[in-house]
Amino acid sequence: ETITKGMFMRLGSVIYRVRSKYITDDQYQLAQVDELDASCLRTATFTKNGIYDITTDSYPTVSVATPVLVLDMPKFYRLRDGAEDYEKAGDITVFAPQSALTPVINATFTMPNQEGTMKTWRVVTINDESDAWALHVRHV
């Protein structure tokens, strides 16, 4: 199987993210990976306004619950843009499927923290990662 930078791999019950890969002299693929925490699989609930309803003169609220992968910020290395907010203590990266939602900066959502307590998070930056959004998020 071909290994690419940024891909996720599962070995038994452990999930890894490929940081970099190399081809050895013997033509074997060697990957440097980060092991994700046992609590990396979570469900996040994103709320947004729906389509305007002319009969009620309002925007109904639509909630989307989707499975996400949560990484500590140091486990998601990439080049940064000068306009981005830099990470602060407690910031995390959340990978959400693009098929489930289209996030916006400053949007808030709920998701349990590492201890399982439901918290509200704010989207700081968004990166397109092919089939997922990489969201730099901060606890509100």
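Strands here are DSSP runs of E, at least two residues in length, numbered from the N terminus; two of them count as paired if DSSP finds at least two bridges between them. This is a predicted model, in which local features need pLDDT of at least 70 and side-chain atom pairs count only at pLDDT 80 or more, while totals for chains, interfaces and linings use all residues. Residues are numbered from 1 along each chain as its sequence is written, and side-chain values use heavy atoms, with hydrogens and water left out.

To return to the pairing: Val-18 has Val-33 of strand 3 as its bridge partner, and Ser-20 has Gln-32, also in strand 3. Between strand 2 and strand 3 the hairpin holds 5 residues, and Gln-27 adopts a positive phi near 70° there.

Leu-11 lies opposite Val-14 of strand 2. This hairpin has 2 residues between its strands, with Gly-12 in the turn at a positive phi of about 70°.

What is the order of the strands in the open sheet? The order of the 3 strands is 1-2-3, with antiparallel pairing. Strand 1 (8-11) and strand 3 (29-35) are at the edges and have a single partner strand each, so one side of each lacks a neighbour in the sheet. From one strand to the next, the twist averages 50°, with axes being lines fitted to C-alpha atoms and angles running from 0 to 180 degrees between N-to-C directions.

How values were computed:
Helix = DSSP H or I, 4+ residues; strand = E, 2+ residues; numbered from the N terminus.
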